Amino acid sequence: MTFVLRCVVFLLGVAGLVHGGEAKPNVLIIIADDLTWHDVACFGGPTDARTTHLDALAAQGMRLTRFYSPAAVCSPTRQALLTGLYPVRSGAYPNHTMVRAGTRSLPYHLKTLGYRTGCFGKTHFAPDTAYPFDVRTGFATNTGKKAGGKKNADKPAGGEDANDDGELDLGALGSFFANKDQPFCAYLAPHEPHSPWTVGDRSPYDAAKLTLPPYLVDTPETRAALVAYYAEVTHLDRSVGAVMAVLERSGQAANTLVLFVSEQGSSVPHGKWTLYDPGIHVAAIARWPGRIAAGSTNAALVQYVDVLPTLIAAAGGDPLALDPGCPDALGGTTMDGRSFLDVLRSKTSTHRDVVFAQHTTNGIIKGSKAYASRAVSDGCWKLIWNLHAEENFHNAISDGGILKSWRAKGEAGDAFAAEQAARYGRRPEWELYDLQTDPWELTNLAAKPEHAATLAALRTKLDGWMKQQGDLGDQTEREAQEHQPKHQRGEQ
């Protein structure tokens, strides 16, 4: 290397553009809103949703097929991704929630590595001081999602944008990409396909011809809901295509790590608000030209909390050296997540031994006063602990049209409909599923003596995680509303 070239590399490194002789990657994160993993077509379904742009993105990069959310609702999920911390530790474990004072997040950490950061669209995180993005842009044109006053029936009272309805502002995004003085990290959060499903073209979808996943009961109401939902999935897919076009026009695509994640599942029964796989399994796609093999897949167990450490490592930082500002219950001061950069580079197909998840209904719209659930999975087996199994599980869809149609079909003699409707509201304390033979989690094996050792081993893992997180179970559930901005303001 010539003297002049060494000087250029040194100066670029000081400016935050180069690490280890390579340009620091730009980062583009796109997080969907209530999208079930199997409704991104390239993940194999069953689905009739049309996702041509996401399928193309996957063909250019990697599908992460065992990626999981640590929560079954939006706000804890997003804040886990941005902080690298599980929800109970950070304090952001109910919905419409906030992290503990002093917690540091993605924009703070990447800024120390020379990045400028931008948030576009929905936030659903709080307080603002914990998320110091350089640029924060709401939505542009209205989509009509507020039709009938239904949009964001579970909208948070704090931590949201004033302009909470519309399309991503592609003009502002293009301007953000155009600045090449520093590497960027753009966090994009469109609304789709969050209910109510009022936007998108429904004409390609024939309710009578849909293929339903095995956990849903086949009723006209279920099919009609899926048509409306699939239309929004396709609307989201087109938005992703538009974003990628803006990135290409910026000339920055070749050095941009793109990560698309589907958030937690949709609000059909046994998805969002539950710890079954349709509620916490994530469709994750990563593209990074020249670093991630096109058309590749990886079955490593990965979680949202692993995203931030991975981005830090990709930028040349040491995730273990950064303080998340929120120690765990055992005094640990590193993030819960760890880098899966070697997974993205296809150097390994393993990452975590187990993944964890939690859900609380306390503090959500029409939620039970106390109904906590915790889960652990090694990818082959899933254990769910329902801490308040003696109570009714309830949320915004419990008395809705889909479940009413399931109950009616059950009362007419359909055993599967009766069982699926009943188990939505009442569940046993322990649920154990063999994900290899029963991927849709329809047969609970927790009471089978031959699986007692498996249950015990997973329970030990779950107990250890809860202890490290400071999760006190029932007490933590009943304190959930104290972690919501609206509760602190005295709102109902």
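**A pocket and some backbone details**

Helix 13, which covers residues 452–469, contributes four residues to the lining of the second largest pocket, and that is the most that any element gives. Please keep in mind that what you see is a predicted model. The pocket holds about 250 Å³ of space, and of the 13 residues that line the second largest pocket, those closest to its centre are Tyr86, Asp336, Arg338, Arg352 and Gln468.

Let me turn to the backbone, where, as a general point, most peptide bonds are trans and most residues other than glycine have a negative phi. The bond from Gly45 to Pro46 is cis, with omega near 10 degrees, and Pro46 sits in the loop between strand 3 (26–31) and helix 2 (52–60). Ser195 and Pro196 are also joined by a cis peptide bond, with omega about 0 degrees, and Pro196 belongs to the loop between strand 7 (184–189) and helix 7 (220–250).

Which residues other than glycine have a positive phi? His270 has a phi of about 70 degrees, and its place is the loop between strand 8 (256–261) and helix 8 (277–280); His270 counts as buried because its relative accessible area is 2%, where the cut-off is under 20%. Glu441 has a phi near 55 degrees and is found in the loop between strand 15 (430–434) and helix 13, and Glu441 is likewise buried, with a relative accessible area of 0%.

Conventions
Residues are numbered from 1 along each chain as its sequence is written. This is a predicted model: local features need pLDDT of at least 70, side-chain atom pairs count only at pLDDT 80 or more; totals for chains, interfaces and linings use all residues. Side-chain values use heavy atoms; hydrogens and water are left out. On a 1 Å grid over the protein atoms alone, a cavity is a set of points where a 1.4 Å probe fits but cannot get out, and a pocket is an open set with protein on both sides within 12 Å along at least five of seven lines; lining residues have an atom within 4 Å of a point. Grid points are joined across faces, edges and corners, and a volume is the space filled by probe spheres set on the points. Helices (H or I, at least four residues) and strands (E, at least two) are DSSP runs, numbered from the N terminus. Buried means under 20% relative accessible area, exposed over 50%, partly exposed in between (1.4 Å probe, protein chains only).
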